[in-house]
Amino acid sequence: MSKEIDQDWVAVLQRCGLQVVEDHAIDALPVNSAFYAVNGVDVEPVASIPFSSPEAMSGLSRLWHAHCSRLSLCGDDGEFLIMPPGAGGSKVGWVKVKDQVGIDLPSRIARVTGSPEFIATSLDGRRLCAVSVEDDEYWVVVHKFA
């Protein structure tokens, strides 16, 4: 059973440049599995960039988009699932979106929420690409589920 997405979350996603494709949460990968894939003890980033880097946010955005593309995270129509970024987003679950801008998603999310952290998956929930903040670095984390 899916639940309707609160309009406040829709507004947050829209301010990030994301079009909400469906007005209800999508049953996909369990939220806890996604969190563990990004924040588990043994997780290593596929890429990282120090906070102190002069162009940390733009570099992070380039890295995330490159890995997202390699994973084929987005469907043919550019749609993917995202857990709304920010406090409480995990209670919403997965929202089907389309990126209206196409570049700098971590930067846009940081401007809206104060942090570039977010988790996105393919529509089938098998491929994950996320941004995490760890110690003094931004991480791009990729995970494939069986």
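I started with β6 (residues 127–134) and strand β7 (residues 137–144), which pair in the antiparallel sense over eight bridges. Strands pair here if DSSP finds at least two bridges between them. Strands (E, at least two residues) and helices (H or I, at least four) are DSSP runs, numbered from the N terminus. The model is predicted: local features need pLDDT of at least 70, side-chain atom pairs count only at pLDDT 80 or more, and totals for chains, interfaces and linings use all residues. Residues are numbered from 1 along each chain as its sequence is written, and side-chain values use heavy atoms, with hydrogens and water left out.

I checked the turn next. β6 and β7 form a hairpin with two residues between them. D135 in that turn has a positive phi of about 50°.

Then I went to β5 (residues 118–121), which runs antiparallel to β6 and is joined to β6 by four bridges. This pair is a hairpin too, with five residues between the strands. G125 in the turn has a positive phi of about 75°.

Which residues does C129 face? I found A120 as its bridge partner, and V142 in β7 stands opposite C129.

Last, the helices. The axes (lines fitted to C-alpha atoms over the stretch in contact, angles 0 to 180 degrees between N-to-C directions) of α3 (residues 56–71) and α5 (residues 105–113) come within 7 Å and cross at roughly 130°. That makes α3 oblique to α5; angles under 35 degrees count as roughly parallel, over 145 as roughly antiparallel, 65 to 115 as roughly perpendicular and the rest as oblique. I logged contacts (heavy atoms within 4.5 Å): the α3 residues include W64 and H65, and the α5 residues include L105 and P106.
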